[in-house]
Amino acid sequence: MTLRRRLALWYGGVIAVVLAVALTLAYLLHAEAHDSDVDSALGDMADKAQEQIDGELHSGIPIDAVDLSDLSRAIDEPHAAWFVINGKVVATAGEIDLLSFKYAAVTDMLDGWHTSYTTEGRVRTYVVPIGIGHIVTAADLSVIDRANADLRMTYFILLLLGVGLGMATASTIAGSALRPVAAVTETAQEIATSRDFSRRVHVRGDPNDELVVLAKTFDDMLTSLDDAYRQQQRFLGDVSHELRTPLTTIRGNAELLSTSTMSSEQQHESLLRIARESGRLSRLVDELLMLARAEAAEAFAPRAVHLDEIVMETFDELRPIAGGRLRVRWIESAVVDGERDRLKQLVLALVDNALRYTPEPGGVDISLSDDGHDSVLRIEDEGIGIDDADLPKVFDRFYRSTAARRVNSSGSGLGLAIVRWIVERHHGTVRIERRGTRGTVVTVRIPLAAKPAQAAEPKPAAARAAPA
């Protein structure tokens, strides 16, 4: 059953209950008012009959000569009055010959109010004692009962009309209100069929309407999916391109080695090319696996880590290769909550990247400071720099500027993407800027660990300049 139909049924059920209660109360009050009016009229008739009998008896008229024929008409319903002494009717007034009065045997009733149900209809009787006898007043309520039956039918028809109109109105309102949901469903079905994530719902209306907000959120989700899908397509294309180059080189040189016409020097050169491209291919696969783990939201297990120790380890490892071009200008003790291996990879990637794109005799300077909130790692190089047009794209996967390709053709374009992932994983920020007319400045900010850092070994608080 559709939501629209369920809403219509629920709304119809609520209206049915409300109308049933309201109409029932109205009917009961109406019937009670009529019955109360009849009782009041019968009581008035009994009082007037008693006054008339007392007056005639006091005037000397014999009991058997009492006449009630002049008793005034008090109610519209068929009615009658009897003066009964010892079971004998002495005087009457009104329509005493009605069958309903006979069937009810009104003259044989005891004192008080009585309601009798006969085949002719309902009879209301009031018996009041007077002297040696009783005064009996009665009314035939068949007319009232028929009117009440007509009223019940009218109310029942109104109930059916109200429920039907309410359900129709609810269905119309629900259809209008659920139109954004229908649009979302239709768009989702079309996307599932065509895989076209560029489609949008474009529902307009009150921005505070929950369903309009739902449709807008769905559009935003489609935009994210479209971006992710396009990025995935570009990523696959870039991966194919990056893998094809080393594989082609390895295959070509392997085919050359299979021939017997190559000299020993040529064979040695081919083997070197295969080894070089195999290493490049291995690095590329490792980087792709790391990015895959990043997208899989690998669990973050932070510990207190001395970032200054990692910087100095990286300096010691790369100094033999870089020589005097690599310098640590300033370093302060900085403890952060993070993963040591990932932070080591971060520093190593940034320093190696700076050295790779800084031709000799240009240098690379490293500094680490503590600003009270973050550890601030700065790596400044005197390399080829980055054009302003390339700055927004440097963290994109496989993106390499023309200048970077010219200086180093073996790069994969994944290093800075991995750097960004590691920094974001540690809730930090990374920024790359031009350094004047030549060179680049990379600034990484990672929040400091909460003090005291119990898991970390105490370090000297004083800042120091590292040996150049």
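## Basis of the description

Two strands count as paired if DSSP finds at least two bridges between them. Helices (H or I, at least four residues) and strands (E, at least two) are DSSP runs, numbered from the N terminus.

This is a predicted model, in which local features need pLDDT of at least 70 and side-chain atom pairs count only at pLDDT 80 or more, while totals for chains, interfaces and linings use all residues. Residues are numbered from 1 along each chain as its sequence is written, and side-chain values use heavy atoms, with hydrogens and water left out.

## The β11-β12 hairpin

Strands β11 (residues 429-434) and β12 (residues 440-447) run antiparallel and are joined by six bridges. Thr-429 has Arg-445 of β12 as its bridge partner. The two strands form a hairpin with five residues between them, and Gly-436 in the turn has a positive phi of about 65°.

## The five-stranded sheet

An open sheet is built from five strands in the order β2-β1-β5-β4-β3, with antiparallel pairing. Because β2 (88-94) and β3 (112-118) stand at the edges with a single partner strand each, one side of each is left without a neighbour in the sheet. Neighbouring strands are turned by 20° against each other on average, direction ignored; axes are lines fitted to C-alpha atoms, for helices over the stretch in contact, and angles run from 0 to 180 degrees between N-to-C directions.

Six bridges connect β1 (residues 79-85) with β2 in the antiparallel sense, and Ile-85 has Lys-88 in β2 as its bridge partner. Helix α1 (residues 3-58) lies across β1, β3, β4 (121-130) and β5 (133-140), at about 35° to β4.

## Nonpolar cores

A nonpolar core is a set of buried Ala, Val, Leu, Ile, Met, Phe, Trp, Tyr and Cys residues joined through side-chain atoms within 4.5 Å. Buried means under 20% relative accessible area, exposed over 50%, and partly exposed in between (1.4 Å probe, protein chains only). The largest core has 40 residues, and those with the most contacts inside it include Leu-326, Leu-346 and Val-444. At least two of its residues come from each of α7 (307-322), β7 (326-331), α8 (340-356), β9 (364-370), β10, α10 (415-425), β11 and β12.

Apart from neighbours within four places in sequence, Leu-346 is in contact (heavy atoms within 4.5 Å) with Val-419, Ile-422, Val-423, Val-444 and Ile-446. A second, separate core of 21 residues includes Val-38, Leu-42, Leu-71 and Ala-91.

## Charged residues

A salt bridge is a side-chain nitrogen of Lys or Arg within 4 Å of a carboxyl oxygen of Asp or Glu; the count by this rule is 19. Arg-327 and Asp-365 form one with closest N and O atoms 2.7 Å apart, linking strand β7 to strand β9 across 38 residues. Arg-327 is buried at 15% relative accessible area, and Asp-365 is buried at 11%. Within helix α8, Arg-356 and Asp-352 lie four residues apart and meet in a salt bridge at 2.6 Å, N to O.

Glu-380 forms a salt bridge with Arg-435, the closest N and O atoms being 3.7 Å apart. Glu-380 lies in β10, whereas Arg-435 is in the loop between β11 and β12. Asp-381, also placed in strand β10 (residues 374-381), is buried yet has no salt bridge, and the nearest side chain of opposite charge is Arg-435, 6.0 Å away. For charge, Lys and Arg count as positive and Asp and Glu as negative, while His and the chain ends are not counted.
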